[in-house]
Amino acid sequence: MNQTDDRILELLDESDLILSPAVIAVNLEYNRSWISRRISKLVDVGFVESINEGYYSITDLGRDYLSGDLSDEEIARVSNK
């Protein structure tokens, strides 16, 4: 997990919208390809889910991570996926 991951999760959580990597990239001022790579990682660990091809939303596990409700062990476990 890195700062970009946190910012992606925060944007998805705060907006409560289903967003594409391009929209996320514009709002966070990052390159779309970088955002796409990070979203793939977030999907792999279960923090983000694909709603339709190319559109994503935050999961309950992602919200738990943001709110600090996951233990360090749980974060390490999902981060190593």
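Because the model is predicted, local features are taken only where pLDDT is at least 70 and side-chain atom pairs only at pLDDT 80 or more, while totals for chains, interfaces and linings use all residues. Residues are numbered from 1 along each chain as its sequence is written, and side-chain values use heavy atoms, with hydrogens and water left out.

The chain has 5 helices and 2 strands, where helices (H or I, at least four residues) and strands (E, at least two) are DSSP runs numbered from the N terminus. Followed along the sequence, these elements give the pattern α-α-α-β-β-α-α. The C-alpha atoms fill a box of roughly 30 × 20 × 20 Å along the principal axes. For 81 residues, a compact globule would have a radius of gyration near 12 Å, and the chain agrees with this because its own value is 12 Å; the radius is taken over C-alpha atoms, and the globule rule is 2.2 Å times the number of residues to the power 0.38. Of the 81 residues, 36% are buried, a term that stands for under 20% relative accessible area, with exposed meaning over 50% and partly exposed in between (1.4 Å probe, protein chains only). Among contacts with a separation of 6 or more, 50% join residues 24 or more positions apart, a contact being heavy atoms within 4.5 Å.

Which residues does Ile8 contact, leaving aside its neighbours within four places in sequence? Ile8 is in contact with Ile24, Leu28, Ile35, Arg38, Ile39 and Leu42.

Two packed helices are described by the angle between their axes and the distance between the axes. For helix H2 (residues 21-28) and H3, the axes come within 8 Å and cross at roughly 115°, the axes being lines fitted to C-alpha atoms over the stretch in contact, with angles that run from 0 to 180 degrees between N-to-C directions. The crossing of H2 and H3 is right-handed; a crossing is so called if the near helix is turned clockwise from the far one by less than a right angle, and left-handed if anticlockwise. On the H2 side the contact involves Pro21, Ala22, Ile24, Ala25 and Leu28, which meet Arg32, Ile35, Ser36 and Ile39 of H3. By class, this contact of H2 with H3 has 7 nonpolar, 1 polar and 1 charged residues, where Ala, Val, Leu, Ile, Met, Phe, Trp, Tyr, Cys and Pro count as nonpolar, Asp, Glu, Lys and Arg as charged, and the others, Gly among them, as polar.

Arg38 lies in helix H3 (residues 32-45) and counts as buried because its relative accessibility is 14%. Beyond residues up to four places away in sequence, Arg38 touches Asn2, Thr4, Asp5 and Ile8. Ser57, in strand E2, is likewise buried, with a relative accessible area of 11%. With the same exclusion of residues up to four places away, Ser57 touches Leu12, Leu17, Ile18, Phe47, Val48, Glu49 and Ile51. Ala22, in helix H2, counts as partly exposed at 36% relative accessibility, and its C-alpha atom is separated by 14 Å from that of Ser40, 18 residues away along the chain.

Asp16, in the loop between H1 and H2, has a phi near 55°, a positive value in a residue other than glycine, and it is exposed at 58% relative accessibility. Glu29, in the loop between H2 and H3, is not a glycine but has a positive phi of about 60°, and is exposed with a relative accessible area of 73%. Tyr30 is also found in the loop between H2 and H3, where it counts as partly exposed at 26% relative accessibility. Tyr30 and Thr4 are 26 residues apart in sequence and 8.7 Å apart from C-alpha to C-alpha. Leaving aside neighbours within four places, Tyr30 is in contact with Thr4, Arg7, Ala25 and Ile35.
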